[in-house]
Amino acid sequence: MALLKGTLDVLVLKTLSWGPMHGFEITSWLEERSGGRLNVTDAALLQALHRMEERGLVAAEWGVTKNARRARYYRLTTSGRATLRAESAALADHVEALTAVLTARRAEP
Amino acid sequence: MTPASEREGAGGRGVRAGVRRLVRLPLRTPAGARADADEELDAFLDERVEHLVARGLTPDRARAEALRRLGAPLDEVRAAIRGSATRREGRKRLRDRADAVRADVRFAVRQFARARAVTAIALLTLALGVGANTAIFSVVHRLLLAPLPYPRGDRILMPVQEGGFPSVASVGGPLLDVWRARTRTVAAMAGASEDLFGMWPDGAVDTIPSATVTANLLPMLGVRPALGRNFAAADEQPEPEAARVAMISYGLWQRAYGERADAVGAAVRVEGRPLTIVGVGPSGFNIPLSRNPAPDVWVPARLERAVAGGSGDLIPGPGLFVTLRPGATVEAASRELRAAARALPAADASRPQFYPRSSWPRSRWHSCCSSPRGCSCARSPRSSACRSGSSRAGSCTPRCCWAAGATGTASRPSATPSCGASARCPG
């Protein structure tokens with residue numbers, strides 16, 4: 001399932017709300033939670049992370065993974081948390097509206 | 001997984017800008033940002049490969065699968081991520097710099113608020129400095145740089161005297177002759193000398209500023225009379241006496257004639273000579289670069305007389321004005337005038353140099369005359385020629401001494417410099 005436009009950022013923010021993670025952890029987490037249905041390319045994810053770092057929604061620092069590998073760990077910033085709240089509410093609203101339209105039945109006479 | 005504790009000291013990108021500045025942590029260089037991006041991408045791929053191998057894929061197939069999941073060719077992805085990493089660091093650096101500037105400004109404002117007296121003095125000093133500069137520049141601009149405020153004012157030049165004593169001294173007939181004969185750059189020459197005349201139309205005598213000008217001066221300057229006509233070339237001929245004409249200023253026309261049209265044609269006596277008014281000058285017209293009040297009466301004269309100075313040398317600074325031919329430059333005209341002047345025997349005229357549209361020699365003149373040293377002009381070859389009696393009309397005018405012999409009649413502020421060298425004055 002291809003991702004709806006603009007939803008990747010909010011998904012990544014949601015993932016990071018569970019704690020600091022590096023890139024591969026984020027994509028694994030997303031795959032796991034979506035039951036493998038979300039199709040996020042790795043390139044898109046990495047660029048989304050950089051983009052959000054630029055906007056100050058996430059902060060990054062180097063750390064060491066459990067496999068003793070260096071990795072860039074991302075965490076939510078305060079403004080990232082606020083964005084997540086606002087965006088997820090808006091997205092949920094949007095999805096609800098879409099669902100209402102798509103599941104509407106012909107009104108009984 | 002303890003990223004915070006494993007953080008690299010110097011490069012911590014998670015550090016807030018203020019803290020980073022406080023402990024002087026450097027930002028990543030563009031190269032560093034690129035290296036970071038590369039390392040992150042490689043680590044990501046390795047992690048993916050490891051993960052897939054753990055699920056039973058061979059390393060080769062795992063690698064291929066990892067690259068497929070990337071979603072784009074590795075080189076492209078690498079370039080894109082490097083780009084976004086350097087852009088990000090650039091933005092951060094910019095933001096840091098803006099923060100620094102903001103902090104500096106805040107600090108400065110606080111300091112200013114604390115030291116109000118110093119601030120006030122500094123502001124006052126700045127204001128005075130700027131004001132003085134502006135004032136001086138506007139004067140310099142008007143006197144030395146800007147073209148004369150007439151139509152094609154940039155083609156009108158004013159030759160002045162060369163040597164240690166630059167002045168707008170009178171110009172002798174021989175010099176005018178060679179300039180007329182030997183210059184190709186000069187289209188026309190016009191002259192004006194300022195003077196004081198005794199006249200008043202109702203018969204009472206008053207002293208009014210006047211000017212003896214060539215007939216072509218006003219047309220050269222593009223000046224059109226407010227009433228009546230301009231001078232014509234024939235007006236320069238002094239004979240017969242009865243035909244002598246004059247123009248009056250707009251101010252005199254208002255004061256003495258109440259702006260009546262019959263002022264044109266009226267007869268006045270100026271210095272005892274009868275003159276017929278033929279025209280009224282435009283409001284506010286003065287001789288270019290003149291430091292004196294605008295003349296109220298203009299009398300036409302031939303160039304030799306107009307540039308010889310007024311009677312009695314009461315007011316310094318007859319002016320010779322030269323218009324350039326189309327295409328001639330100021331520099332070429334200057335060269336030509338100088339060369340022609342140098343060709344004259346030294347006794348005929350001193351060697352004038354050419355300063356385009358400059359009035360500063362006039363001001364210098366006054367400072368010269370009011371200082372004892374300035375009176376050394378009386379020792380110039382020109383003046384010694386005068387003393388030795390070889391004076392020729394207009395070829396020498398030791399104007400330095402103009403104030404000494406004529407203080408009785410001079411009532412102008414410009415007539416105040418006193419020259420101790422009156423004994424050296426000829427005549």
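Trainee: What do buried and exposed mean here?
Mentor: Buried means under 20% relative accessible area, exposed over 50%, and partly exposed in between, with a 1.4 Å probe and protein chains only. This is a predicted model: local features need pLDDT of at least 70, side-chain atom pairs count only at pLDDT 80 or more, and totals for chains, interfaces and linings use all residues. Residues are numbered from 1 along each chain as its sequence is written, chains are lettered from A and ligands numbered from 1 in the order written, and side-chain values use heavy atoms, without hydrogens or water.

Trainee: Is Leu102(A) buried or exposed?
Mentor: Leu102(A) sits in helix 4 (residues 78-102) of chain A; helices are DSSP runs of H or I, at least four residues, and strands are runs of E, at least two, numbered from the N terminus. The relative accessible area of Leu102(A) is 70%. The cut-off for exposed is over 50%, so Leu102(A) is exposed.

Trainee: Which pattern does chain A follow along the sequence?
Mentor: Chain A has 4 helices and 3 strands. Read in order, the pattern is α-β-α-α-β-β-α.

Trainee: Is Asn230(B) buried or exposed?
Mentor: Asn230(B) lies in the loop between strand 4 (227-228) and strand 5 (245-248) of chain B. Contact means heavy atoms within 4.5 Å. Beyond neighbours within four places in sequence, the contacts of Asn230(B) include Leu218(B), Asp235(B) and Met247(B). With a relative accessible area of 17%, Asn230(B) is buried.

Trainee: What share of the residues of chain A count as buried?
Mentor: Chain A has 109 residues. The buried share is 43%.
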